[in-house]
Amino acid sequence: MSNLEIIKVNNIKDLDKCLNIRKAVFTKEQGISKEIEVDKYDTLNNNCIHFLIKYKNIDVGTIRCLFLENNTIKLQRFCFLKEYRNLGIGKKTLQYVENYFKERKIKFIKLDAQYQVYEFYWKCGYSKNSDIFMEANIKHIEMIKEI
């Protein structure tokens, strides 16, 4: 997908773009309060890597990757603006992130998938790793993949 660009965020300007996309998706669209959605990991100097996803040179998505113990990354806040969903960008982004961390000797990727989209992750090779649980009044399920 030649129109896709995935940028590792290393400045406040790009981090703000990520936070604005998340605000549009999680706060405005899904009704999650800002107090829950934005947290201590939303900085440049933390145990996370943020990626900004651009499609046809437009900021369309973001994903946050939290380093855990045991060579594991937790994907968080993975979202796209509504009009850029179901175009294959999510799958390409996931493949990029998996390769990025595999090259850095990460062995596992975990995530808490919103239950309504868990099938997307399942089709990408992730396995259910929990029962359904509620987070921010939305059904979730923990998933994991060895990379």
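**Exercise 1. Find Lys-105 in this predicted model and work out whether it is buried or exposed.**

Step 1: Go to the loop between α3 and β5, where Lys-105 sits.

Step 2: Check the backbone. Lys-105 isn't a glycine, yet its phi is positive, at about 70°.

Step 3: Now the surface. Exposed means over 50% relative accessible area. Lys-105 comes in at 58% relative accessibility, so it counts as exposed.

**Exercise 2. Describe α1: what is its span, and where is its kink centred?**

Step 1: α1 has 18 residues and runs 24 Å from first C-alpha to last, close to the 26 Å expected at 1.5 Å a residue.

Step 2: Look for the bend: a kink of about 35° is centred on Lys-23.

Step 3: Pick out the buried residues of α1, among them Leu-15, Cys-18, Ile-21 and Phe-26. Their cover includes β1, α2, β2, β3, β4 and β5.

**Exercise 3. Which element gives the most to the lining of the largest pocket?**

Step 1: Start with the space, about 930 Å³ in the largest pocket. Of its 33 lining residues, Phe-78, Cys-79, Gln-114, Val-117 and Tyr-121 are the closest to the centre.

Step 2: List the elements giving two or more lining residues: α1, α2, β4, α3, β5 and α4.

Step 3: β4 comes out on top, with seven residues.

Conventions: Residues numbered from 1 in each chain as written. Predicted model: local features only at pLDDT ≥ 70, side-chain atom pairs only at ≥ 80, totals over all residues. Heavy atoms only, no water. 1 Å grid on protein atoms, 1.4 Å probe; cavity = no way out; pocket = protein on both sides within 12 Å on 5 of 7 lines; lining within 4 Å. Points joined across faces, edges and corners; volume = space filled by probe spheres on them. Helix = DSSP H or I, 4+ residues; strand = E, 2+ residues; numbered from the N terminus. Expected span 1.5 Å × (residues − 1). Bend = angle between axes of the 7 residues up to and from the residue. Buried < 20%, exposed > 50% of the residue type's maximum accessible area, 1.4 Å probe, protein only. Contact = heavy atoms within 4.5 Å.
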